[in-house]
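Thanks for coming. Let me put the model on the screen, and then I'll walk you through it.

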Amino acid sequence: NAVFLAQAGFDVVGVDFSSVALRKARRASIAANVSERVHLVRGDLTAPDLPGVDGPFDLLVDYGTLDDLASADRRAMAATIIRLARPGSIFVLYAFYAARADLPRFSLSGPSRIAPGLEPGEDVTLFGDAFEIKRLPEPRPDQLTAAFVMTRRDDGAAEIG
């Protein structure tokens with residue numbers, strides 16, 4: 001995602017807790033000749049502070065991180081996203097998204113009752129006070145995933161409670 005955005009002209013700050021993922025991203029940015037536009041930081045998106053990540057940002061993207069976290073960590077990551085988004089910023093979220101009762105008991109290829117994604121409405125609970133939320137029509141709801149485009153409101157500093 002960082003390389004794709006850099007190729008589209010964005011200056012990118014990519015955050016991951018995995019040094020392996022960061023090494024892969026660095027190699028990919030060099031191979032794509034966009035390494036000067038990609039700044040990679042090892043960090044915890046649930047932490048109250050991310051050294052080396054100075055917002056606010058115009059665009060924030062989460063492709064499958066938030067839905068992997070436990071409930072308290074989801075709230076912490078949502079607070080980080082809200083803190084790093086300026087009014088008018090866009091937040092793109094792609095996640096497993098389904099009611100736990102609708103999921104298989106166990107799955108190696110997607111969400112399950114053991115490892116669920118976001119529950120319907122959790123997007124509003126986490127981000128509704130700070131963002132206008134639009135769910136995109138693709139992927140279809142029967143695919144157990146969802147993509148959202150959220151626009152940061154200009155109504156002061158919303159906080160996660």
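**A walk through the model**

Asn33 sits in the loop between α2 (19–31) and β2. Helices here are DSSP runs of H or I with at least four residues, strands are runs of E with at least two, and both are numbered from the N terminus. The phi angle of Asn33 is near 60°, a positive value in a residue other than glycine. Asn33 counts as exposed, because its relative accessibility is 61%. The cut-offs: buried is under 20% relative accessible area, exposed is over 50%, and partly exposed is in between, with a 1.4 Å probe and protein chains only.

A word on the source. This is a predicted model, where local features need pLDDT of at least 70 and side-chain atom pairs count only at pLDDT 80 or more, while totals for chains, interfaces and linings use all residues. Residues are numbered from 1 along each chain as its sequence is written, and side-chain values use heavy atoms, with hydrogens and water left out.

Leaving out residues up to four places away in sequence, Val34 touches Val3, Ala6, Gln7 and Ser29. Contact means heavy atoms within 4.5 Å. Now look across the model. Val34 and Ala101 are 67 residues apart in sequence, and their C-alpha atoms are 44 Å apart in space.

Now the whole chain. The protein chain has four helices and six strands. From the N terminus, the order is α-β-α-β-β-α-β-α-β-β. The C-alpha trace spans about 45 × 40 × 30 Å along its principal axes. The radius of gyration is 16 Å, which agrees with a compact globule, because 161 residues would give a value near 15 Å. That radius is taken over C-alpha atoms, and the globule rule is 2.2 Å times the number of residues to the power 0.38.

Of the 161 residues, 36% count as buried. Among contacts with a separation of 6 or more, 63% come from residues 24 or more positions apart. The chain exposes about 9,200 Å², and carbon and sulfur atoms supply 55% of that area. Accessible areas come from the Shrake-Rupley method with a 1.4 Å probe; for residues, only the protein chains shown count as cover.

On to the inside. How many residues does the largest nonpolar core have? It has 24, and those with the most contacts inside it are Phe91, Leu93, Phe127 and Phe131. Two or more residues each come from β3 (57–63), α3 (71–84), β4 (85–96), α4 (122–127) and β6 (145–152). The largest share, five residues, comes from α3. By nonpolar core I mean a set of buried Ala, Val, Leu, Ile, Met, Phe, Trp, Tyr and Cys residues joined through side-chain atoms within 4.5 Å.

Take Leu93. Setting aside neighbours within four places in sequence, Leu93 is in contact with Asp62, Leu66, Leu118, Ala146, Ala147, Phe148 and Met150. A second, separate core has nine residues, including Val12, Leu22, Val38 and Leu40.

Val12 is in strand β1 (residues 12–16). Val12 counts as buried because its relative accessible area is 10%. Beyond residues up to four places away, Val12 touches Ala2, Leu5, Ala6, Arg37, Val38 and His39. Val12 and Ala76 are 64 residues apart in sequence and 22 Å apart in space, C-alpha to C-alpha.

Back to α3. Ile82 lies in that helix. Ile82 is buried, because its relative accessible area is 5%.

The peptide bond from Gly55 to Pro56 is cis, with omega near 0°. Pro56 is in the loop between β2 (38–42) and β3. The bond from Glu138 to Pro139 is also cis, with omega near 0°. Where is Pro139? Pro139 is in the loop between β5 (131–135) and β6.

Phi of Leu144 is near 65°, a positive value in a residue other than glycine. Leu144 is partly exposed, because its relative accessible area is 25%.

That's the tour. Comments, please.
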